[in-house]
Amino acid sequence: AVLSYFVGCGVSRLARYNVTAEQLSGGGGKVKYFEGTPIPTSVVIVGLLAWAAAQGRIESDLWGGMWQLGPWQLHPLVLVYALSGSLMISKTLHIPKP
């Protein structure tokens, strides 16, 4: 469910950027800032998971362990995806473009 939310946020962010890019540029042709985090920042999560795997921290050895919620298992590290997705669709977070 969390990963579906993350993908939905990414799609929503791309759609919103395409619709609002002209408005955000102020008529100057170039957008001066990102509204929400850009999708490529998600590579940080990939790096984090690669680092965990390199240290042998997989399955129940992941940071935060594993929580049993009824018939489901939750690795708290998955919540990083929820945070990243929420930051992607944030309307108040402005990140200057280089």
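Me: Where does S84 sit?

Reply: S84 is in helix α3, residues 79-88. Helices here are DSSP runs of H or I with at least four residues, strands are runs of E with at least two, and both are numbered from the N terminus.

Me: Is that an experimental or a predicted model?

Reply: It's a predicted model, where local features need pLDDT of at least 70, side-chain atom pairs count only at pLDDT 80 or more, and totals for chains, interfaces and linings use all residues. Residues are numbered from 1 along each chain as its sequence is written, and side-chain values use heavy atoms, with hydrogens and water left out.

Me: OK, is S84 buried or exposed?

Reply: S84 is buried, at 11% relative accessible area. Buried means under 20%, exposed over 50%, and partly exposed in between, using a 1.4 Å probe and protein chains only.

Me: And what is S84 in contact with?

Reply: Leaving aside neighbours within four places in sequence, S84 has contacts with F6, T37, S42 and I45. A contact is heavy atoms within 4.5 Å.

Me: Switching topic: how many salt bridges are there?

Reply: There are two salt bridges, counting a side-chain nitrogen of Lys or Arg within 4 Å of a carboxyl oxygen of Asp or Glu.

Me: Which residue pairs with R16?

Reply: That's E35, with the closest N and O atoms 3.4 Å apart. The pair links distant parts of the chain, with E35 in strand β1 (residues 33-35) and R16 in helix α1 (residues 2-25), 19 residues apart.

Me: How accessible is E35?

Reply: E35 is buried, with a relative accessible area of 10%. R16 is buried at 18%, while K91 is exposed at 53%.

Me: Back to the whole chain, what's the order of elements?

Reply: It runs α-β-α-β-β-α-β along the sequence, with three helices and four strands.

Me: What does the C-alpha trace span?

Reply: About 50 × 30 × 15 Å along the principal axes.

Me: How much of the chain is buried?

Reply: Buried residues make up 30% of the 98 residues.
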